[in-house]
Amino acid sequence: MPGEAIPTEAELTRHYGVAVGTVRKAVETLVAEGLLLRAQGRGTFVRRPNFDGSLFRFSARSAPVASLRCRRVASSTAAR
């Protein structure tokens with residue numbers, strides 16, 4: 001839920017059985033993508049979604065796939 005703190009690095013390390021460096025890198029990536037927010041001395045929290053950015057990322061990544069699907073349907077229909 002937005003505003004909720006995520007578990008500590010130590011808890012995530014134990015839970016997933018990975019190195020602390022792996023957890024740090026994953027959290028850094030999620031912070032960079034705007035999904036988490038770090039507050040020094042308080043913890044790391046789930047951010048409220050920014051739908052403008054997330055919809056852009058979704059459409060930008062899925063557009064080439066959708067385009068390929070359209071071409072396949074058109075070419076298979078034309079072959080009939």
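Reply: Helices here are DSSP runs of H or I with at least four residues, numbered from the N terminus. The model is a predicted one.

Me: In what order do the elements of the protein run from the N terminus on?

Reply: The protein has three helices and two strands. Taken from the N terminus on, their order is α-α-β-β-α.

Me: What span does helix α2 reach from its first C-alpha to its last?

Reply: Helix α2 covers residues 20-32, which gives 13 residues. At 1.5 Å a residue the expected span is 18 Å, and the helix comes close to that. From first C-alpha to last, α2 reaches 18 Å.

Me: Which glycine follows α2, and what is its phi?

Reply: The residue that follows α2 is glycine 34. Its phi is positive, near 80°.

Me: How do α1 and α2 pack: roughly parallel or roughly perpendicular?

Reply: The axes of α1 and α2 lie 9 Å apart, and the two helices pack at an angle of about 115°. Angles of 65 to 115 degrees count as roughly perpendicular. Therefore α1 is, relative to α2, roughly perpendicular.

Me: Which residues of α1 and α2 make the contact, and what is the hand of the crossing?

Reply: On the α1 side the contact is made by Glu9, Leu12 and Thr13, and on the α2 side by Val20, Val23 and Arg24. As α1 passes α2, the crossing is right-handed.

Me: Which side chains meet in the salt bridge, and at what N to O distance?

Reply: The structure holds one salt bridge. Side chains of opposite charge can pair when their charged atoms come close. The partners here are glutamate 9 and arginine 24, with an N to O distance of 2.9 Å. The pair links distant parts of the chain, glutamate 9 in helix α1 and arginine 24 in helix α2, 15 residues apart.

Me: Is arginine 24 buried or exposed, or in between?

Reply: Partly exposed lies between the 20% limit for buried and the 50% limit for exposed. Glutamate 9 has 28% relative accessibility and so counts as partly exposed. Arginine 24 has a relative accessible area of 40%, so arginine 24 is also partly exposed.

Me: Is threonine 44 buried or exposed?

Reply: Threonine 44 lies in strand β2, residues 43-46. Not counting residues up to four places away in sequence, threonine 44 touches Glu4, Ala5, Ile6, Val27, Leu36, Leu37 and Arg38. Because its relative accessibility is 14%, threonine 44 counts as buried.

Definitions and conventions:
Residues numbered from 1 in each chain as written. Predicted model: local features only at pLDDT ≥ 70, side-chain atom pairs only at ≥ 80, totals over all residues. Heavy atoms only, no water. Expected span 1.5 Å × (residues − 1). Salt bridge = Lys/Arg side-chain N within 4 Å of Asp/Glu carboxyl O. Buried < 20%, exposed > 50% of the residue type's maximum accessible area, 1.4 Å probe, protein only. Contact = heavy atoms within 4.5 Å. Axes fitted to C-alpha atoms, helices over the stretch in contact; angles between N-to-C directions. Parallel < 35°, antiparallel > 145°, perpendicular 65-115°, else oblique. Left-handed = near helix turned anticlockwise from the far one by under 90°.
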